[in-house]
Amino acid sequence: MKIEILFSKLCNLYGDSGNIEYLKLSVPDAEFIMTEITDPVPYFAGNDVDMLYMGSMSEAAQKRVTEYLMPYRDRLEALTDKGVVILATGNAFEVFLSEIQNLTSGEHFRALGLFPLTAQIDLFKRYNGKVMGRIDGITVVGFKSQFSMVYGDASDCFLFKADRGTGLNTSTALEGVRRNNLMGANLLGPVLVLNPLFTEYIMGLLGIDKPRCAFREQAMAAYEQRLSEFEDKAVPFDRQ
């Protein structure tokens, strides 16, 4: 099994690198390929992979990442249609949208176009909050801290519906994007550590029989405590 990590030195905000370390512990037999933005060609361009992962990045880095990946846009679409697992956390999924508009700088640029949605960045308005929803019956919890909101019709391509918290923007409960096994949502930090059942879900998509994530007992205990807090109606979810 081959798992390619994209741009770990550039896309590692908010502790997202913890997802990489947890994957390594949970899937120890996998070969991890580290592709950096300075590498001439990504590994997936000419080789089969089972999974791609990309974490949060600065708004300034999004254009650089998009320009790097654009020559391989059709390859990424082919891998998506083939069922390869692609996980993008934080604002990384925005590079797969149709366009990214920076309202602060006035710069707009075309993204990879795998989803008919547009990201709008306002560096004078940060949204902070929590979100909880279900992906194929698995409750996922996460944290948000973002300058961008995503707009467009996501009714056919969202990852989950927020039971609490906001979705792609403050006017919708639809959060993230999904196309086959390409999944992305603006959830920060070590999402896989925070959500052991979702980690095992990913492992199942990778073909692992009876998946069991690393440090499962401890991870589940922390997850269940966090879940009880998120389900508490007295706990506020939005803080702008």
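This is a predicted model: local features need pLDDT of at least 70, side-chain atom pairs count only at pLDDT 80 or more; totals for chains, interfaces and linings use all residues.
Residues are numbered from 1 along each chain as its sequence is written, and side-chain values use heavy atoms, with hydrogens and water left out.

Let's start with the rings. Two rings of Phe, Tyr or Trp (its six-membered ring) pair if their centres lie within 6.5 Å; planes under 30 degrees apart are stacked, over 60 edge-to-face, and the rest tilted. How many aromatic pairs are there by this rule? The count is 5. One of them joins phenylalanine 44 and tyrosine 72, edge-to-face, with 6.1 Å from centre to centre and 85° between the planes. Phenylalanine 44 sits in the loop between strand 2 (31-35) and strand 3 (51-54), and tyrosine 72 in the loop between helix 2 (59-69) and helix 3 (73-82), so this pair ties together parts 28 residues apart in sequence. Helices (H or I, at least four residues) and strands (E, at least two) are DSSP runs, numbered from the N terminus.

Phenylalanine 44 and tyrosine 72 are both buried. Buried means under 20% relative accessible area, exposed over 50%, and partly exposed in between, with a 1.4 Å probe and protein chains only. Ring pairs also link Phe7, Phe44, Tyr68 and Tyr72 into a cluster.

Now the cysteines. A disulfide here is a pair of cysteine sulfur atoms within 2.5 Å, and the search of the whole structure finds 0 of them. Cysteine 157 counts as buried at 8% relative accessibility, and cysteine 213 is buried too, at 4%.

Finally, the cavities. On a 1 Å grid over the protein atoms alone, a cavity is a set of points where a 1.4 Å probe fits but cannot get out, and lining residues have an atom within 4 Å of a point. The search finds 2 cavities of 30 Å³ or more. A volume is the space filled by probe spheres set on the points, which are joined across faces, edges and corners.

The largest cavity holds about 90 Å³. Which residues lie nearest its centre? Of the 13 lining residues, they are Leu87, Leu159, Ala185, Leu187 and Phe198. The second largest cavity has about 30 Å³ of space, and strand 10 gives the largest share of its lining, 3 residues.

Definitions and conventions:
On a 1 Å grid over the protein atoms alone, a cavity is a set of points where a 1.4 Å probe fits but cannot get out, and a pocket is an open set with protein on both sides within 12 Å along at least five of seven lines; lining residues have an atom within 4 Å of a point.
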